[in-house]
Amino acid sequence: MVYSKRSYDHTMVWLLVGALTIFQVCSAHNDLKVIDNRYTTASLSVDVSKGRQISPVFFGIFFEEINHAGAGGLWAELVSNRGFEAGGRYVPSAISPWGKIGDDEAIYVVTELSSCFKNNPVAVRMDVLCDQNTCPPGGVGLYNPGYWGMNIEEGKSYKVEFHVKSSGSLDGVISFVSDDGTQVLAFQRVKADAEKVKDWTKMEFTLKARGSYKKARLQFTTSQKGTIWLDQISAMPIDTYKGHGFRNDLMEMLLKLKPRFLRFPGGCYVEGNFLTNAFRWKETVGPWEDRPGHLGDVWNYWSDDGLGYLEYLQLAEDLDVEPVWVVNNGIGLKDQVDTSLIAPFVQEMLDSVEFARGSPNSTWGSLRAKLGHPNPFKLKFIAFGNEGCDLNSYTGNYLKFYKALKKLYPDIKVISNCDATQKPLDHPADIYDFHRYTNIPDMLNLTHLFGKVKRDPLAPKAFVSEYAVIYPKDQMMNGSFGAALAEAAFLLSLEQNSDIVEMVSYAPLFVNQNDRTWNPDAIFFNTYKVFGIASYWVQTFFKESSGATLLNIHFHNHSKPENTYVSAISWSDKLDQKNYITVKIVNYNNVTEKLKISFDGIDPNSVKLWKKTVLTSENLQDDNTFDNPTKVVPISTLLKSEVGKDIVLEVEPYSFTAFDLINSAQIPKLEANQTNQV
């Protein structure tokens, strides 16, 4: 989703049911990590000769346009409402967040349907009523604060583009200034004779900042009397990830996770409350000035759709991950298309696949090539809509989509929105989607769910595309370490059951601190800072899981401690050409655990303890903030290279720990269907 109204009541029931248990689990010690000086012991063996390969796309990310994750976030465009379309096409209209410079005696500002862009008819007209003698110092005009300010950095360059026409000659200034307009950070004088600007003209400049300001604004000012029209105004940093328009620091946070897939663009964003506001991919490709934008009416903000279908595919390519395209299936949160009328929506889906995968000579593949990407994208996963399995039109619509796609693209894996953990699906699918937003006790209980699912080699596998411990809206929190620890236990259970779990991703991914629709989110950011909550750092423990070999673990004499969760994998590092074994352990207890581990199936002298990584904190309610972004982060330490049949590992109370061991023995090749049990 992320947070549909369909799932709201169900989610709140789970939160309420677990309230008492949360108090017992997390508040028994006032949330402090009050440590019992005793410790528990257990003995287990890890069999390197018995295991199976985890899905090569096991761990990934889900990006939804929520919380201004894209517009005002990952997509580096600085100008908000760049085409003045957010206020609608009934003029005069609101132009927020644009503001006027100068009083009513000096300037009059109004929107008109006078643009040169058919898809974006709204433009702004400025009647400048003063002249060089009567205008205020610096002139009059318009300013745009962007998405709660623009982070302008000294020495960096910014590409500014806009369309303009004038009733006479043009003499103005385009500039980045402080939020109060008193400090000029970069500027360019804009001059043109009347003949050049009597019709719409595009102007482009590169502005190099001579100062830094974290909440700057872009403005156009003039002291020349007359009428000026402006439209489609953009400002982008030159320095974006691979030059593709993505904000560098946010991309770095994604790369740290080492994801293997990208699910996009939603979620509820795909559906809309009403289909009129659903994500329509064809309106998000092509020159940015021609994209009409749309209101995301579930999360209640306008998107200029600079981050469109092509950009999402480019994002997946830049991250070197598999794109998972969630298409609209004719179902919104509050309306739906009857199956008898669904054919045009099916065609939209087929056209989207051709755009991504078609040859440069195909109808939609040629458009992709024209837009600068002649080579096809790899697109192997498609989900038909988001949730809504219980709606009247879902199954009928789904089958129409499924048959049409498989006829032309039989290799693409289709994801159903229906949960198959409780009963088999009544329709064909390669993968089924599973969502759960809940409380800490239920998240811990979920560690048993997939172990109970009946194994059927012909059944679709699970895609846990949205999971998180969440909080009621009146308890706005960044997250909590206790919640992250429960999520870690759940992820270990998914790894253990990866014979029937194909993929997993947390949600939501991003939140702009100025638009917190959801509670919590993995990555917080503003115009110039970014940090991950504890739940984000939990995910870094699984960056080597995709394609790794899950090893068989056995606790001896029923010695497995309660509230302890363990998984072990073997994997190879392509950079250093070494083989590793990683044992991951969640200790959700207030006592230290000492685990004596032996390794079977290889010479024990070939296994050397190398590194220990621990995520813990002194209080279960702790998490990271802008003021303290590293309060709860993993700490890695190199360990003494212990060699031998038995290795004793010490695990701190209330912690998530990964022990990395170097395996100098040749890892045996394992059968794909070998199972693993704890």
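## Cysteines and a buried serine

Cys130 and Cys135 are both buried, where buried means under 20% relative accessible area, exposed over 50%, and partly exposed in between (1.4 Å probe, protein chains only). This is a predicted model, so local features need pLDDT of at least 70 and side-chain atom pairs count only at pLDDT 80 or more, while totals for chains, interfaces and linings use all residues. Residues are numbered from 1 along each chain as its sequence is written, and side-chain values use heavy atoms, with hydrogens and water left out.

Searching the whole structure turns up two disulfides, a disulfide being a pair of cysteine sulfur atoms within 2.5 Å. Here they are:

| Pair | S–S distance | Torsion about S-S |
|---|---|---|
| Cys130 and Cys135 | 1.9 Å | 85° |
| Cys389 and Cys418 | 2.0 Å | about 100° |

The link of Cys130 and Cys135 is right-handed, and the Cys389 and Cys418 disulfide is right-handed too. (Helices, H or I, have at least four residues and strands, E, at least two; both are DSSP runs numbered from the N terminus.) Cys389 is partly exposed at 31%, whereas Cys418 is buried at 5%.

What about Cys268? Its sulfur is 15 Å from the closest cysteine sulfur, in Cys389, so that's too far for a bond. Cys268 is buried, with a relative accessible area of 0%.

Then there's Ser93, in the loop between strand E2 (61–62) and strand E3 (99–101). Ser93 counts as buried at 16% relative accessibility.
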